[in-house]
Amino acid sequence: MSPPTPRRRRALPVLTAALAALLCGLAPPAAADGPPDWAARPTGGTDRPYVYLEGTPGTVLQDRLTVTNSGRAPLTVRLRGDGRAGAWIRFAEDTVTLPPRTRAEVPLALTVPDNAVPGDASGEAVATGGGEEIRVPVRVRTIGPTLAALGVEDVEVSGGTIRYALVNRGNAMLRPRLAVRAEGVFGTLLDRPERPLPLELAPGRRVERTEPWPDAPALDAVTVRLRVTASGGARDEAEASATYLPVAPAVGGGLLVLGGLAALASGAYRRRRTGRAAPQPPPDAKPAVQPEPPEQAGPPVEAQPPVDTEPLLKAGAKT
């Protein structure tokens, strides 16, 4: 057989390219990534990047959220609040259905709680629809006097750990600072200067914390003092006492330590009792001369023979 002609060799690549082009034309076009065909924003123009409201505790504040459907199909959007200030929001309608090429202004009411802390709070108004979610920032300023009050309580010393609790008794957000000092029988054992704690204490909140003391003494009686402060003049102090005794490897060792401490205490007690006794005269002091009794009237008293005070000799003893 004769070899294929060059024209037949070029026909195969041309057919392959045509088949590939046909398959590409039958494949559906890839979805283009882009913004959703609807939007949610504060009512009042594009110059409002977020909802801003302010009022005193207990006040009901009002605003509107505009939802726009720029697509060609109806759209259902669900609305809710999120975050601290978002939890204060209630919408006139939680679910809104918009026809194509329309928009709706949804009223919202934000109630500032009676116990709200004066200052700023933040949250979000969340709109969900068409598989997309849009979050609108919400800023609320609560107007009123600020009271900063901080307490430290339930201080306890155990081994190498100091336990305590912090309580925010005011209506302002606090960032506490802590200083620790410990005094023993022979002087200062621990002196940590004031430093900020890694926490933010909300009004009415109570937090239990621990302070490590890795080099606590083995034998001592200590008093630990904690001092906490915060901005606005908040301040408080508390203390606790503890006695440290060495842990012996056996019961006998522990009894020996306790016995030694008891002996020292007993010896000191006896020394104090001895020091309180009446003073004794020195051994070489002469006795005081007693005056002779006065002579009595009447007949003279006959002299008595002297009494032999020598011991009797035993029978048979040599003299």
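Which side chains meet in a salt bridge at 2.5 Å, N to O? They are those of R175 and E200, where a salt bridge is a side-chain nitrogen of Lys or Arg within 4 Å of a carboxyl oxygen of Asp or Glu. The structure is a predicted model, in which local features need pLDDT of at least 70 and side-chain atom pairs count only at pLDDT 80 or more, while totals for chains, interfaces and linings use all residues. Residues are numbered from 1 along each chain as its sequence is written, and side-chain values use heavy atoms, with hydrogens and water left out.

Strands of a sheet pair through backbone hydrogen bonds, either parallel or antiparallel. Strands are DSSP runs of E with at least two residues, numbered from the N terminus, and two of them pair if DSSP finds at least two bridges between them. T68 has R103 in β7 as its bridge partner.

Strand β12 (residues 177-184) is joined to β13 by 7 bridges, and the two run antiparallel. G184 stands opposite G187 in β13.

R101 lies in the loop between β6 (95-98) and β7, and its phi is near 60 degrees, a positive value in a residue other than glycine. R101 is exposed, with a relative accessible area of 58%; buried means under 20% relative accessible area, exposed over 50%, and partly exposed in between (1.4 Å probe, protein chains only). D154, found in strand β10 (residues 150-158), likewise is not a glycine and has a positive phi of about 55 degrees. With a relative accessible area of 51%, D154 is exposed.

The text now returns to the charged side chains. Side chains of opposite charge can pair when their charged atoms come close. The count of salt bridges comes to 18. The pair of R175 and E200 links distant parts of the chain, 25 residues apart: R175 is in the loop between β11 (161-168) and β12, and E200 is in the loop between β13 and β14 (206-212). R175 is exposed at a relative accessible area of 56%, whereas E200 is partly exposed at 36%.

R181 and E183 form a salt bridge at 2.8 Å, N to O. R181 is partly exposed, at 34% relative accessibility, and E183 is partly exposed, with a relative accessible area of 22%. In a further salt bridge, the side chains of R206 and E208 meet at 3.8 Å, N to O. R206 counts as partly exposed at 37% relative accessibility, while E208 is exposed at 63% relative accessible area. Finally, a network of salt bridges links R80, D82, E124, E133 and R135.

Technical notes. Helix = DSSP H or I, 4+ residues; strand = E, 2+ residues; numbered from the N terminus.
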